[in-house]
Amino acid sequence: MLVTGIEILEKAHKEGYAVGAFNTSNLEITQAIVEAAEETRSPVIIQVSEGGLKYAGIEAISAIVRTLAEKATVPIALHLDHGTDFNTIMKCLRNGWTSVMIDASKFPLEENIQRTRKIVEIAHSMGVSVEAEIGKIGGTEDHITVDEREASMTDPEEALRFAKETGVDYLAIAIGTAHGPYKGEPKLDFERLKRIKELLNMPLVLHGASGVPEEAIKKAVSLGINKINIDTDVRQAFTARLRRLLEEDKEVYDPRKILGPCKEAMKEVIKQKMILFGSSGKA
Ligand code: G3H
Ligand code: 13P
Ligand code: ZN
């Protein structure tokens, strides 16, 4: 069933586990996510980035996710990932999305608060939950010094003020992860996470979680992360299977015989994440 993001994340926050938020932009990725959730009896968040919306078209991707989610027997939220454009967020609300992220993290704190508060007011009036971001979660390609890295992380006191003044439902924080494949091993600032959870006592979100070692994920969940964003690991599972399949079978030409096995490979990765995050069996 299709539910709001806060319905899924409030339970995760109270019971101390995390729910995976997996990016989709087509039918097969969406099927892989929904089937993984059904097979592990896990709640799940299916999210689409602005790039994903541009690729698939909002009507088509909304219809695919909503149709599969409504048929499913586990709770599923349809979420806009890193919404930066006001009109795009409004379109998602009009198309029946149950969660949106307003990412105004590149602006100074005051402006991030103002922009986030405006979206919270509108989305809440329509019964839709909201994620926002404070601190800067960069890409792995960013060349930053240790001091810059420290400065980009979420300040716990600022996060408290941000949460109070915006009324946001769940908050993405910067504690050392980055989007895309890591070059070295990511170092997470667990003390910072602990302090933020103690102060805010609300659902927290970890972005850029692909490639983060399992032990670090488990620790982050134990310290209060409740939504974990995964895109790259699923993309890589798809592509690795595709390369192998085309290499092994030079005769295949039916897209279903190519994309079917790729979907299974994505599903396996997603199921492993659901077990690792502690959401399996919670639906
Ligand atoms: O946070 C970024 C997500 O992985 C989406 O990436 O903008 O390439 O769709 P994208
Ligand atoms: P990864 O691609 O690094 O898993 O990041 C996903 C993400 O944070 C989407 O918002
Ligand atoms: Zn992200």
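N201 is found in the loop between α9 and β7 (204–206), where helices (H or I, at least four residues) and strands (E, at least two) are DSSP runs numbered from the N terminus. This is a predicted model, in which local features need pLDDT of at least 70, side-chain atom pairs count only at pLDDT 80 or more, and totals for chains, interfaces and linings use all residues. Residues are numbered from 1 along each chain as its sequence is written, chains are lettered from A and ligands numbered from 1 in the order in which they are written, and side-chain values use heavy atoms, with hydrogens and water left out.

Although N201 is not a glycine, its phi is positive, at about 45°. H82, in strand β3, likewise has a positive phi, near 50°.

H82 lies in strand β3 (residues 76–83) and H179 in the loop between β6 (170–173) and α9 (190–200), so the pair ties together parts that are 97 residues apart in sequence.

The table gives relative accessible areas; buried means under 20%, exposed over 50%, and partly exposed in between (1.4 Å probe, protein chains only).

| Residue | Relative accessible area | Class |
|---|---|---|
| H82 | 18% | buried |
| H179 | 27% | partly exposed |
| G83 | 0% | buried |
| N201 | 55% | exposed |

G83 lies in strand β3, and its contacts (heavy atoms within 4.5 Å) include E50 and I89, not counting residues up to four places away in sequence.
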